[in-house]
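Please open the model in your viewer and keep both chains displayed, so that each stop of this tour can be selected in turn.

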There are 2 protein chains.
Amino acid sequence: MAIRCTVLGAGSWGTTVAHLLAHNTPTVLWARDPEVAAEVDEKATNERYLPGAELHPSLRATDDMAAAVASADLLVVGVPSHGFRQAIVDARDDLRPWVPVISLAKGLEQGTRLRMTQIIDQELPGHPYGMLTGPNLAREILAGEAAASVLAMADETISEQLQDLFCSGLFRVYTNPDVVGCEIAGSLKNVIAIASGMADGLGTGDNTRAAVITRGLAEMARLGTAMGGHTVTFGGLAGLGDLLATCMSRQSRNRHVGEQLGRGRTLDEIVTEMHMVAEGVKSTPVVKAMAAEHGIEMPIVDEVHAVLYEGRSAKDAYQGLLNRAHVAEMHGIGSRSR
Amino acid sequence: MAIRCTVLGAGSWGTTVAHLLAHNTPTVLWARDPEVAAEVDEKATNERYLPGAELHPSLRATDDMAAAVASADLLVVGVPSHGFRQAIVDARDDLRPWVPVISLAKGLEQGTRLRMTQIIDQELPGHPYGMLTGPNLAREILAGEAAASVLAMADETISEQLQDLFCSGLFRVYTNPDVVGCEIAGSLKNVIAIASGMADGLGTGDNTRAAVITRGLAEMARLGTAMGGHTVTFGGLAGLGDLLATCMSRQSRNRHVGEQLGRGRTLDEIVTEMHMVAEGVKSTPVVKAMAAEHGIEMPIVDEVHAVLYEGRSAKDAYQGLLNRAHVAEMHGIGSRSR
C-alpha cells in the first residue's frame with residue numbers, strides 16, 4: 001500500500017522535496033498562497049521560488065491545510081523555524097495518529113531555543129519525528145545533480161522505510177539515528193559559514209579557509225556533543241557535508257554576509273542591500289549563549305559575534321583567533337581521554 | 001639552552017619549515033645540491049623551489065650532511081617518501097642519541113607500504129619520532145597567511161616543547177598524540193582529492209563536491225581506524241583540514257589530475273603534460289590493496305582506481321557511486337554500535 005505524503009510549505013526547499021517524493025508516491029504540497037498552490041497543481045511550476053524549474057507532473061498542490069493533511073501517511077514540514085510551531089498546530093486536528101513527522105527546517109526557535117523536533121514532540125506527542133538534512137542546494141537537486149542527504153530518526157525501522165521514499169535519481173538518502181546532533185549541526189553551520197566568508201572577503205588563501213572550516217567544525221562538535229549529539233554526526237553529511245556546501249556555495253546568504261564583512265562593510269549596509277537576514281546573523285547570539293550555558297569555548301563563534309554586534313573588524317577578528325594559546329588539537333571533543 | 005634544528009631536504013616544504021624554525025631557534029637546512037645550499041645560506045632565497053620568496057636571514061644551509069646533523073637537537077626530515085629511508089640512513093652515524101626526528105613527508109614507502117615514522121623507528125630505534133602535517137601550502141605560509149598545522153607525537157611532553165619552535169607569525173601548531181591516524185590521513189587524502197577533482201571536471205555543483213569530500217573522509221576514517229588511528233584525527237587538521245586544502249586548491253596536483261580525468265582526458269595524456277606524477281596516482285593501488293587486506297569498503301577509492309587503471313570514464317564512476325545500496329551513514333566508523 002502506498003505511503004501518501006504531505007509537505008507543508010511551498011518555498012524552494014519544501015517544493016523540491018515534494019517534487020522528489022512525487023517520483024515515488026502520491027504527494028500533496030500545501031502552499032499558504034492560493035496562487036502558488038494553483039500554479040504547482042496545474043502547471044507543475046513554482047516561478048516565485050524556483051524560477052524555470054519543471055516539477056514532477058504527478059505532484060498535487062492545495063492551499064487547503066485540512067484536505068492536505070487528512071490523507072497523509074507521512075507529514076513533511078518545510079516551513080521556516082519562525083513559523084514552524086504554528087504550522088504544526090494548524091495541522092494537528094486533521095492529522096491521523098502515529099503519522100511520522102519530518103522537519104526540513106534548520107534553526108532554533110527564537111526565545112525557547114528549542115530544536116524543531118522538540119517542537120514536534122511538544123505539539124504532536126506520540127508521533128515519530130525526524131529531520132531531513134545535509135548539503136542540499138535546491139537548484140542543484142532540481143537540475144538533477146548528484147547529492148546526498150541524511151534522514152535523522154531515532155527509530156531506524158521507520159527511517160529505513162522512509163529512506164526509499166526520498167531517494168530519486170541522483171539524490172541519495174542515508175539514515176542516522178542521532179537526531180540531536182543533526183539538528184544542532186544544521187543550526188551551527190551558518191555561523192561558521194559567516195566566518196569562512198570573512199576569510200574569503202579578506203582575500204586569504206586555501207590554507208586559512210581549510211583551517212577555519214576544520215576548526216569551526218570542531219567547535220560545532222564540542223557544543224553538539226555537550227548537548228547530546230554524537231561526534232561522528234559532525235563528520236558526516238549533516239555536519240561537515242552541509243558546512244562545506246554552505247562555505248563553498250556562491251548562493252549561500254551566510255557566506256555572502258561574511259564575505260562582505262571581510263571586505264570592511266558594516267552589517268547594516270549588507271542587510272539593507274540583501275532585503276533579507278541570513279539565518280546565521282540571528283543565530284550567532286543564540287549559539288554564543290548556549291556555549292556559555294554549557295561552558296564550551298567557541299572562539300570562532302565569539303569572533304563572529306564581535307564582528308556582527310561589537311564593532312570589531314574582520315581583520316582584527318582573524319588576528320584574535322590566531323593569538324589564542326596553543327592547545328592540543330582535539331581538546332574537548334569526543335570521548336578519548338587526553 | 002637553545003634547541004638547534006636541522007632540516008633535511010631543501011624542496012619547497014622543507015625550506016619553508018626551516019624558514020619558520022629559523023624565526024625561533026638556530027636552524028640549518030641540508031640541501032643535496034651545493035648550489036641550492038649556497039644560495040639559501042648566502043642570499044636567503046631558493047629560486048628553484050620557492051621563486052620570489054625571502055627566507056629568514058638567520059637560516060643557515062649546507063650540502064654537508066655530517067656537519068648539518070652533528071649539531072642537531074631536533075632533526076626534521078623533508079625528503080619525499082621515495083628517498084626518505086636513504087636520507088635517514090645517511091644521517092644516522094652523525095646524529096646524537098635521543099634526538100627527536102620529525103617527518104614532513106606524506107606517503108607510504110613503495111613495496112613495504114610502511115609509514116614514514118615506521119621507517120624512522122626501524123632505522124633510528126630509541127629516537128622519539130613524529131610528523132608535522134596539516135593544510136599547508138608552502139607559498140601561502142611564506143606569504144605570511146594564517147595557517148594551522150598538527151605536530152603528531154605519541155609523547156606529549158616532547159610535542160608540547162617542540163610546538164613553540166614551529167609556531168611563527170600566523171602559523172599555528174596543534175599537538176595530537178595519534179601518529180598513525182595523522183600519517184594515514186596524509187596518505188589517503190590525495191586519492192580523495194582526485195575524486196573531488198573529477199567532480200570539478202564533470203562540472204557538478206557544490207552539493208556533489210561537498211558529498212564527495214564528506215563521504216571520502218568517511219572512507220579515510222574507516223581504513224584509518226582499522227589500522228589503529230583515532231576517529232577524531234580524521235575530523236581534524238591532519239584529516240579534514242588537509243583534505244579540504246587539497247580539494248580546494250588550484251595548486252594541488254592531485255586535484256588537477258582528477259579535474260582533467262573528469263573532462264574526459266586519459267591518464268597518459270595528463271601525466272605527459274604535467275612532467276611529474278601526482279602522489280595520489282601512485283598511492284591509489286596501494287590504498288586499494290590495504291582496504292582489501294583490512295576488509296574495508298572504499299567505494300570512492302575503487303572508482304578512482306577504475307578510472308585511473310581500468311579504463312572507466314569519470315562519468316560512469318560517478319553513476320557507480322550513486323547506485324550503491326542505501327546504507328546507514330556512519331556504517332563502519334567509530335566505536336558506536338549501530
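In this predicted model, the interface residues of chain A are, to 100%, also interface residues in chain B, so the copies meet through the same surface. Begin by selecting that contact, to which chain A contributes 61 residues and chain B likewise 61 residues.

Next, display the surface between the chains, where chain A and chain B together bury about 5,000 Å², with 58% of this on carbon and sulfur atoms. If you look for polar links across it, you will find seven residue pairs in polar contact, both residues of each pair being at pLDDT 80 or more, while the count of salt bridges between the chains is zero.

Now hide chain B and colour the side of chain A that touches it by element: among those giving two or more residues are strand E7 (147-153), helix H7 (156-166), strand E8 (171-176) and helix H9 (206-226) of chain A. Stop at H9(A), which gives the most to this side, with ten residues. Coloured by residue class, the side of chain A that touches chain B divides into 30 nonpolar, 18 polar and 13 charged residues.

Bring chain B back and select its helix H11 (residues 237-248), where twelve of the twelve residues are buried, including B:Leu240, B:Asp242 and B:Met248.

Notes:
Residues numbered from 1 in each chain as written. Chains lettered and ligands numbered in written order. Predicted model: local features only at pLDDT ≥ 70, side-chain atom pairs only at ≥ 80, totals over all residues. Heavy atoms only, no water. Contact = heavy atoms within 4.5 Å. Buried area = accessible area lost by both parts, 1.4 Å probe. Salt bridge = Lys/Arg side-chain N within 4 Å of Asp/Glu carboxyl O. Polar contact = N/O pair within 3.5 Å; in protein donor to acceptor, adjacent residues only side chain to side chain. Helix = DSSP H or I, 4+ residues; strand = E, 2+ residues; numbered from the N terminus. Nonpolar A, V, L, I, M, F, W, Y, C, P; charged D, E, K, R; others polar. Buried < 20%, exposed > 50% of the residue type's maximum accessible area, 1.4 Å probe, protein only.
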